[in-house]
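Have a look at the model before reading on.

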Amino acid sequence: FSRADQFCDAGLGFDESTCGTTSSSKLLIKGGTVVNAHHQEVADVYVEDGIIIAVKPNIKVGDDVAVLDATGKYVMPGGIDPHTHLAFEFMGTQTVDDFFSGQAAALAGGTTMHIDFVIPVNGSLSAGLESYEKKAKKSCMDYGFHMAITKWDEVVSQEMEIMVKEKGINSFKFFLAYKGALMISDELLLQGLKKCKSLGALAMVHAENGDAVYEGQERMIELGITGPEGHALSRPAVLEGEATSRAIRLASFVNTPLYVVHVMSIDAMEEIARARKAGQRVIGEPVVSGLILDDSVLWDPDFVNAAKYVMSPPIRSSGHDKALQAALSTGILQLVGTDHCVFNSTQKAVGIDDFRKIPNGVNGIEERMHLVWDTMVESGQISVSDYVRITSTECARIFNIYPKKGAILAGSDADIIILNPNASFEISAKSHHTRSDTNVYDGKRGKGKVEVTISGGRIVWENDELKVVPGAGKYIEMPAFSYLFDGIGKADAQYLSSLRAPVKRSQSTNLHSS
Ligand code: URP
Ligand code: ZN
Ligand code: ZN
Ligand code: ZN
């Protein structure tokens with residue numbers, strides 16, 4: 001029994017003194033290959049009080065320093081998951097992983113920070129934030145917040161400003177799907193894009209055409225297709241492509257950067273590729289499920305097994321996965337998330353007679369670092385440096401917290417993993433650390449194992465054991481105007497001056513002559 005619950009809220013004594021090796025505030029990681037997104041070298045890493053103090057060969061220390069030998073292994077920045085839903089109230093229920101259990105699972109898999117989505121309460125951003133601040137009190141690793149925008153008025157517009165200027169939130173998600181719940185109109189999206197631009201905040205979209213999805217669902221029910229396969233059939237990739245294209249074109253019209261979350265299809269990826277080729281600032285985030293799984297599982301006659309794969313946009317047919325991997329390896333897509341949003345089989349069973357009621361979401365926060373390593377690095381598709389970029393550094397840059405996060409550099413936070421490329425991993429619902437009773441990657445094995453996770457300078461994962469402390473995680477404020485906004489003002493000025501250039505019309509043009 002190794003679930004996070006055994007560490008959680010039960011008065012089991014989570015103080016530093018019960019945490020063995022982790023009590024030292026000085027740590028030396030010796031002899032590993034230190035990998036950053038731009039460079040790798042064999043070096044030692046010296047950490048004091050949660051901060052990396054030095055990265056260089058042959059650092060000498062006294063006996064008061066705990067030493068970890070990383071010879072033959074990779075020393076890399078801890079993963080940053082840009083897309084999670086912990087303690088999320090959705091589709092009439094709540095995810096089983098909260099900020100403690102989800103983060104404990106993350107740490108066991110080498111992820112040391114995540115960014116979760118605050119959902120407004122009745123459209124109120126401040127009430128939403130207050131609720132998420134409470135949920136996050138038990139955090140055992142660092143976290144940040146995006147915020148969803150679910151309605152539009154003057155109050156929301158002003159609250160967005162407060163979120164950015166006072167609360168450390170620099171990104172807002174707009175749902176183009178979930179009609180009747182989170183979905184917003186194009187008119188709202190346009191207002192939101194303009195507001196994001198003025199604040200230097202990044203607009204994010206869930207890109208599926210929600211009206212058409214609704215239509216597709218009715219169509220399936222009328223055909224008598226009520227099982228989990230109806231979920232995939234009702235919201236085909238064309239609807240993801242349409243919404244991605246629409247959001248990209250509206251962002252181009254406003255001239256503001258756009259981040260497309262959970263890119264699941266070739267259709268959406270190609271819209272992103274086209275826009276980037278034309279010079280537009282569009283970021284594409286594939287998630288692990290879309291990179292690795294295919295939709296055949298939704299046809300499994302066993303409802304529990306099929307329902308666990310229900311998420312939106314849906315997992316696509318075989319072929320989309322490989323195409324998304326290729327796009328990631330060539331820079332068309334920039335970073336990998338999980339959309340970790342976990343419901344137990346009893347919660348999924350609410351939709352046994354109607355796929356529309358199956359709570360949407362799959363796991364991944366614990367598996368991402370291993371599966372991306374195995375799928376992308378072990379297969380030879382990307383370099384180890386690129387692995388660091390797509391699992392950590394690029395996320396830190398986009399959300400403007402680099403190089404505090406996403407780097408092994410003097411001055412960076414000591415969020416570090418040691419990965420043994422010669423060891424192997426195996427994923428199992430029996431031994432994972434999330435509270436979920438299922439795992440969409442159950443039985444998957446691969447090369448490469450995160451043997452040590454260091455969070456804020458403390459060893460929290462070693463010898464397959466978690467040593468986590470509720471409350472040890474810190475809220476990471478993310479400042480506005482990331483690199484994605486550099487030059488936006490210049491492009492606007494050029495556009496405006498082009499509009500104001502006088503048009504010379506010849507006097508001889510006479511439209512009244514005929
Ligand atoms: O199915 C999903 N993706 N659940 C989480 C909510 C979202 O759309 O990100
Ligand atoms: Zn979404
Ligand atoms: Zn999500
Ligand atoms: Zn006339």
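Leu-189, Leu-190, Leu-193, Lys-194 and Lys-197 in helix 4 meet Ala-247, Leu-250, Ala-251 and Val-254 in helix 7. Contact here means that C-beta atoms, placed from the backbone, lie within 7 Å. Helices (H or I, at least four residues) and strands (E, at least two) are DSSP runs, numbered from the N terminus. That contact divides into 7 nonpolar residues, no polar ones and 2 charged. In this scheme Ala, Val, Leu, Ile, Met, Phe, Trp, Tyr, Cys and Pro are nonpolar, Asp, Glu, Lys and Arg are charged, and the others, Gly among them, are polar.

A word on bookkeeping: this is a predicted model, where local features need pLDDT of at least 70 and side-chain atom pairs count only at pLDDT 80 or more, while totals for chains, interfaces and linings use all residues. Residues are numbered from 1 along each chain as its sequence is written, and chains are lettered from A and ligands numbered from 1 in the order in which they are written.

**Helix pairs**

How do the axes of helix 4 and helix 7 cross, and at roughly what angle? They come within 10 Å and cross at roughly 50°, so the two helices count as oblique to each other. The crossing of helix 4 with helix 7 is right-handed.

Helix 8 and helix 11 make another pair, with Ile-266, Met-269 and Ala-273 of helix 8 meeting His-320, Ala-323, Leu-324 and Ala-327 of helix 11. Those contact residues split into 6 nonpolar, 1 polar and no charged. Their axes come within 9 Å and cross at roughly 25°, so helix 8 and helix 11 are roughly parallel, and their crossing is left-handed.

Some conventions behind those words: axes are lines fitted to C-alpha atoms, for helices over the stretch in contact, and angles run from 0 to 180 degrees between N-to-C directions. Under 35 degrees is roughly parallel, over 145 roughly antiparallel, 65 to 115 roughly perpendicular, and the rest oblique. A crossing is left-handed if the near helix is turned anticlockwise from the far one by less than a right angle, and right-handed if clockwise.

**The parallel sheet and its helices**

An open sheet of 7 strands runs in the order 6-9-10-11-12-13-14, with parallel pairing. Strand 6 (79-84) and strand 14 (282-284) are the edge strands, each pairing on one side only. From one strand to the next, the twist averages 25°. At the strand 14 end, strand 13 (residues 258-260) joins strand 14 through 3 bridges, with Val-260 partnered by Gly-284.

Helix 7 lies across strand 12 (202-206), strand 13 and strand 14, at about 170° to strand 13. Helix 8 lies across strand 13 and strand 14, running at about 150° to strand 14.

**Other strand pairings**

Strands pair if DSSP finds at least two bridges between them.

| Strands | Bridges | Sense | A partner pair |
|---|---|---|---|
| Strand 15 and strand 16 | 8 bridges | antiparallel | Phe-425 and Gly-446 |
| Strand 16 and strand 17 | 4 bridges | antiparallel | Ile-454 and Ile-459 |

Strand 16 and strand 17 form a hairpin with 2 residues between the strands, where Gly-456 takes a positive phi near 60°.

Which residues does the cis peptide bond with omega of about -10° join? Ser-312 and Pro-313, with Pro-313 in the loop between helix 10 (303-307) and helix 11. Another cis bond joins Tyr-402 and Pro-403, omega about 5°, and Pro-403 lies in the loop between helix 14 (384-398) and strand 15. Asn-122 has a positive phi of about 50° although it is not a glycine; its loop links strand 9 (111-118) and helix 2 (125-135).

**The ligand shell**

Ser-312 turns up again around ligand 1, alongside His-85, His-206, His-262, Met-311, Asp-339, Cys-341, Asn-360 and Gly-361. A residue is near a molecule or strand if its C-beta atom, placed from the backbone, lies within 6 Å of it. That shell divides into 2 nonpolar, 6 polar and 1 charged.

Key. Two residues are in contact if their C-beta atoms, placed from the backbone, lie within 7 Å.
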